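Morning, everyone. Please have the sequence and the model open while I talk.

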Amino acid sequence: MKITVIGGGPGGLYFSILTKKAMPNCQIDVYERNKPDDSFGFGVVFSDETLGEFLKRDMQSYELIRSNFAYWDDIIIARDGETVNIAGNGFCGCSRKTLLKLLHQRCLEEGVNLHFEQNVDDLSQFADSDVIVACDGIGSQIRTQFQNEFGTKVEMKKNRFVWMGSTKPLDAFTYFFRTTPHGAIVAHSYQYEEGMSTWIFECTDETWQNLNFEVINEEDTITKISEIFKEELDGHSLISNKSHWRQFPHVTNEKWFHNNIVLLGDSKATAHYSIGSGTKLAMDSAIGLSDAVITNPTNVQLAFEQYDKTRRNTVEMIQYAALVSLDWFENMDRNNQHPFYQFAFGCMTRSKKVTYENLRLRDKSFTDKVLSEFNSNLQPTTDNLQSNSAAFSNFKLRNLELQNRIVMAPMGQYMAESGLINEWHFQHYTSRALGGLGLILTEMTAVSEKGRITEGCTGIYNQSQIEAWKRITDFIHQYTSTKIGMQIGHSGRKGASKKPWETTYTGNNWELFSASAIAFNENCTVPKEMTSADMDLVISQFIQATKNAEKADFDMIELQAHHGFLLASFLSPLTNIRTDEFGGRIENRLKFPLRVFTEMRKVFPKEKPMSVRISATDWATNGISEEDVLAIATAFKTAGADIINVSTGNTVANQKPQIGRMWQTPFSDLIRNTIHIPTITAGYIQDIDQINTIILNGRADLVALGKPLLLDTNFVRNAQAYEQFQPTDIPNSYKMGISHLYPLKASERKQTDGMRKALKPKSNKIK
């Protein structure tokens, strides 16, 4: 087999070493455009986990690298003079130039042919090659030639960054944040060899523009940065090496191979440096490609397919985590408003891979500081409980005090008849209240018969319904400390639908309303575009429903303005194409939903809070914008909303949501920390650790659970036992269960902590 590698970076070199080692008879030639001693950039970073993988693959490379790195266990976060150390993070830094030199040595030892100062842009000279590995960097010429075949997409991210070096010694990987009159700047810094450290300076484009930086003026950049970070540099100079300001290119490819050409390294996929070195991603992928070629030496296409199959999911997960991490840095100025330890905790947990529990096991002294600061900033409430778990702290909205931060999200049961709830709903809500939730929000409850989504949906438009709901609220108020709110809404164009478990709709049809005459999908009825008279009618129905909810003794109400239902259909430009005063600009699209809310607020007791649930993105092209979302939240806050329940999507059928753990929290973060209004978040939140993490890093005030509560009515009780938190609301009849549950959960936690510690990669530090 003849293999040609275009690009002599770490990924291409490591692939060549591993493959030649396993297949000594194959010919491998590496072509690099630069000289062997050239290197742009300064240091690279590897984690203990990555080093452990190197150890398994090639002992010689591992020992060469390990003997030349600077190792650290701590991460330091410093902001304007305040500093905190977080231990338990195994990383090493190594000079990129040294790394290349070591990999060159290993290539020559294994018999790989290295060709320097060879700029390859014509592949015809390699017609006899079985495999051509294109690892010629972010701006890959080879990939660009076949960009349509690869399905290449390059998205330039917003922040500006510049890569520099310094003689400043560092004891740990350190994030230095400096606040300037024009915004925050961060230095990602680490030592990679004795007497040398890498400094990557990053800021928003707005800050960069206001500080009058210039892309290629290295002298000006050094002068300004040295002044801003003079305390951190401590008299040491900055060193440039083609240190031009750039924006990070997010590279993806739908296909990783074309004919006998396969992509590797940055030409294939990039991951923002804030979650570690791109070199790590390249070398990890080199392992996957080498494995595939070794396994399929006579079938190149099968090898490429294996490479794609075994590596793509991992690469995309890393890229997603990198984008989430980058988002935190793109919003540094918003995050900078937080108290210091919350800010530091947010920085450590930004990618969502690291949580409160991870950090507690690494360095309990740090998480204790975070929790202490959180407790010291709690709102004054009747109980004022100091908790060792943020989730079980009190929260207050107007006169309503919640015993903890865990909410049951509205979940349709589809079990009502003619809008009337029954015994099913009684057990559904009361059992979860006994389970210790802070707040229950009912399933969407319709303001009229025609406002239901299905024939099994609940209503609040007649006396029988009021009395049935009051039976539930009376029980909850008498026997539990849980509070209960009603979500009030109108189905709009999504009405007269089948229940989720039904295959076809066999019920009655009714006239559907929406902002515009656009059906949800091709199988749905086209709704009527609402007239002024229709709006007046619906407003009167919402007013009456609000009065009825108060008669039923609900503690709060939530207005349904999300997921493409009636009010949401006015807010999104995808569902509102009106040309009158209710369409066009967001100010116009807001008029009807805002009028509904305003009228509801007038008739609901002032001492009771109101929430609004919105969709903060449509997950579709030309949908609702970030600016729209902020305008919507601001308008409802001004009108008297006490909290925004932040959801996303379900506006249109062709949505493409990016689902993952805690996937909707960034939208809650945006609204909470820009508009300065409390928020509720939801979306793939599954355990108490995630809830604590979200609340402590300030992304939301309350956390709503949906599916986890469907099959676990005692989620909260189990979580309290796991945290060894002693609540005051366990009914007397159930208190004997504490002596069984709490030791059991303590034992489970001890086992879980033990497994987490055992799974932590072993340190590669030379003793």
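I will go through the sheets, then a helix pair, then a few single residues.

Some ground rules. This is a predicted model, so I mean computed values throughout: local features need pLDDT of at least 70, side-chain atom pairs count only at pLDDT 80 or more, and totals for chains, interfaces and linings use all residues. Residues are numbered from 1 along each chain as its sequence is written, and side-chain values use heavy atoms, with hydrogens and water left out.

Helices (H or I, at least four residues) and strands (E, at least two) are DSSP runs, numbered from the N terminus. Two strands pair if DSSP finds at least two bridges between them.

Sheets, then. Start with the open sheet of six strands. What is its strand order? Read it as β8-β2-β1-β9-β17-β16, and the pairing is mixed. At the edges stand β8 (113-115) and β16 (257-258). Each has a single partner strand, so one side of each is left without a neighbour in the sheet.

Look inside that sheet at β1 (residues 2-6) and β2 (residues 27-31). They run parallel, joined by five bridges. For a landmark, find I3: I28 in β2 stands opposite.

Next, an open sheet of three strands, in the order β3-β7-β4. Here the pairing is antiparallel. β3 (43-47) and β4 (70-72) are the edge strands, and each pairs on one side only. On average, neighbouring strands of this sheet are turned by 25° against each other, direction ignored. Axes here are lines fitted to C-alpha atoms, for helices over the stretch in contact, and angles run from 0 to 180 degrees between N-to-C directions.

β4 meets β7 (residues 91-95) over three bridges, in the antiparallel sense. A70 has G93 of β7 opposite. Helix α2 (residues 48-57) packs on this sheet and touches β3, β4 and β7. Contact means heavy atoms within 4.5 Å. The direction of α2 makes about 85° with that of β3.

One hairpin to point out. β5 (residues 75-79) and β6 (residues 82-86) pair in the antiparallel sense, again over five bridges. Two residues lie between these strands. D80, in the turn, has a positive phi of about 45°. Within the pair, A78 has T83 of β6 as bridge partner.

Now the helix pair. Two packed helices are described by the angle between their axes and the distance between the axes. For α21 (residues 591-603) and α22 (residues 626-639), the angle is about 25° and the axes are 10 Å apart. That makes the two roughly parallel, a label for angles under 35 degrees. The crossing is right-handed, which by definition has the near helix turned clockwise from the far one by less than a right angle.

Which residues make the contact? From α21 we have P593, L594, F597, T598 and R601; from α22, A635, F636 and A639. By class, that is six nonpolar, one polar and one charged. In this scheme Ala, Val, Leu, Ile, Met, Phe, Trp, Tyr, Cys and Pro count as nonpolar, Asp, Glu, Lys and Arg as charged, and the others, Gly among them, as polar.

On to burial. Buried means under 20% relative accessible area, exposed over 50%, and partly exposed in between, with a 1.4 Å probe and protein chains only.

Take α13. Eight of its nine residues are buried, so α13 is largely enclosed by the rest of the structure. Among the buried ones are F340, F343, F345 and M348. T349 sits in the loop between α13 (340-348) and α14 (356-362). T349 is buried too, at 4% relative accessibility. Neighbours within four places in sequence aside, T349 contacts V354, T355, L359, T693 and N697.

Compare W424, in α16 (residues 423-434). Buried or partly exposed? W424 is partly exposed, at 39%. With neighbours within four places in sequence set aside, W424 touches Q413 and M415.

R398 has a phi of about 50° and lies in the loop between β18 (395-397) and β19 (400-402). R398 is partly exposed, at 31%. H563 has a phi of about 55° and is found in the loop between β26 (556-561) and α19 (566-571). H563 is buried, at 15%.

That is my tour. Thanks.

Technical notes: Parallel < 35°, antiparallel > 145°, perpendicular 65-115°, else oblique.
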